[in-house]
Amino acid sequence: MVNVLFLDAPYSGKVELCQETLDYITKFKKVALYASVQFVGKLERVEEQLKEIGVEFVTSKADRTSVKSQLLGCDSYHDSLRLEDDFDAYLYIGDGKFHPLALVYGQKDLKEMKEIVRNDPLQEKMFLMGVDEIAGILRKYRGSLVKFLSKSVVGVIVTIKPGQEQFRPALALEEKFPDKKFHYFIDNNVSFDQLENFNFIDTWINTSCPRVGFDDQEKFQRGVVNLNDAYFAAEILAKGSVLNRVSKKKN
Amino acid sequence: MTEKLYQVETEKAIAKIKEVEAKTVCIQLPDGMKPYANEIEAELVRATGVRVLIWLGSNFGACDIPLGLERMKVDLLISWGHNKFVKRVEGW
């Protein structure tokens, strides 16, 4: 195995809440505070500001991270945050939408979606995120869940990336769904342009990065669901959840 | 270069190259830093004389490290933009 050195590339500038965020966030009693790796080492001022305006905060060390309060793009299933406390909204510190979108996806199976307040230290601006960001994807995703339950021949995509490979958990599908035929496909990055060559596949299951099942949903003409949603597809479809509610709404 | 916004920390990279006495390193950069690969390469070569191979492909996270580097006799992979990843073996 090759030696590996990870360098965080931490943000050089000041990390603090802009006035717009400070004004807005006082409507919440308690927020859940997260940041991407470039900002997570400089949250002291943000924590001070929250105390000054009387907004409580909670945070956690997510399963796959090395430090507290860090959010990864794959934290798109709420339980991976390991956050037990109750709170009113998420407060995310960082630039870009990729990481905080995980917090939106992570709430798809809940009754209600908590708002995500994104404070961008580079632009010194606040952005609000919610279900509207992913409504179209969720509609397709729900369709893929229905398809998975009704189809018999399923292609299971397994990556060879050691950090993402989930072959063993994927094999458990055979026990849970003995009437379906599963074919296992291996790849490094998912080769979307190859999917249609395997025309005997009715629908797909993604076991690589969970964001592939969401963000790349439209690249799968026959639909795709993430592995852990496949296990519980029927239960997910029966819930009074954001996913099911949003799918019933017309565009 | 990107040093203004994000700390590239080439001094840490140089120290590691010297520590493991690497002859060939692979550098893996997030998309925002890829335009500066030549500058990072030049700095590493100047300080250590190492051969630098630039990873062309993705850098989605610490879960996404290049495969097959041994075949290219790479002694050290330096991956920017992420920290250590803890894989959940039982799935997501």
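Predicted model: local features only at pLDDT ≥ 70, side-chain atom pairs only at ≥ 80, totals over all residues.
A:V117 counts as buried because 23 C-beta neighbours lie inside 10 Å, and the cut-off for buried is 20 or more. Colour the strand around it: A:V117 is found in β5 of chain A, residues 116-120.

Keep A:V117 selected and show what it touches. Beyond its neighbours within four places in sequence, A:V117 is in contact with A:T21, A:Y24, A:I25, A:A89, A:Y90, A:L91, A:M126 and A:L128. Next, draw a distance from A:V117 to A:G130, which is 13 residues away along the chain. Their C-alpha atoms are separated by 9.0 Å.

**The nonpolar core**

Now select A:V31, A:Y90, A:L91, A:Y92, A:I205 and B:V25 together. These are the residues with the most contacts inside the largest nonpolar core, which has 88 residues. Domain 1 (19-133) and domain 2 (135-248) of chain A each give at least three residues to this core. In soluble globular proteins, nonpolar side chains tend to be buried together.

From that group, pick A:I205. Leaving out its neighbours within four places in sequence, A:I205 is in contact with A:V154, A:V156, A:I157, A:V224, A:V225, A:L227 and A:A230.

**The two domains of chain A**

Where the domains touch, 13 residues of domain 1 are in contact with 14 residues of domain 2. The domain 1 side of this contact has six nonpolar, three polar and four charged residues.

**Where chain A meets chain B**

Show both chains. The contact between them takes 34 residues from chain A and 38 residues from chain B. On the chain B side, α1 (10-19) and β3 (76-80) each supply at least two residues. Which element of chain B gives the most to the side that touches chain A? It is β3(B), with five residues. By class, the chain B side divides into 19 nonpolar, eight polar and 11 charged residues.

Zoom in on β3(B) and on strand β1 of chain A, residues 3-7. The two strands pair in the parallel sense over five bridges. To look at one pair of residues, select A:F6 and B:S79, which are bridge partners.

**Confidence**

Last, colour by pLDDT. Chain B has a mean pLDDT of 91, and 92% of its residues reach 70 or more. The model scores ipTM 0.89 and pTM 0.91.

Methods
Residues numbered from 1 in each chain as written. Chains lettered and ligands numbered in written order. Core = buried A, V, L, I, M, F, W, Y, C linked by C-beta atoms within 7 Å. Buried ≥ 20, exposed ≤ 12 C-beta atoms within 10 Å, placed from the backbone. Domains from an automatic or database assignment. Contact = placed C-beta atoms within 7 Å. Helix = DSSP H or I, 4+ residues; strand = E, 2+ residues; numbered from the N terminus. pLDDT = per-residue confidence, 0-100. Nonpolar A, V, L, I, M, F, W, Y, C, P; charged D, E, K, R; others polar. Pairing = 2+ DSSP bridges.
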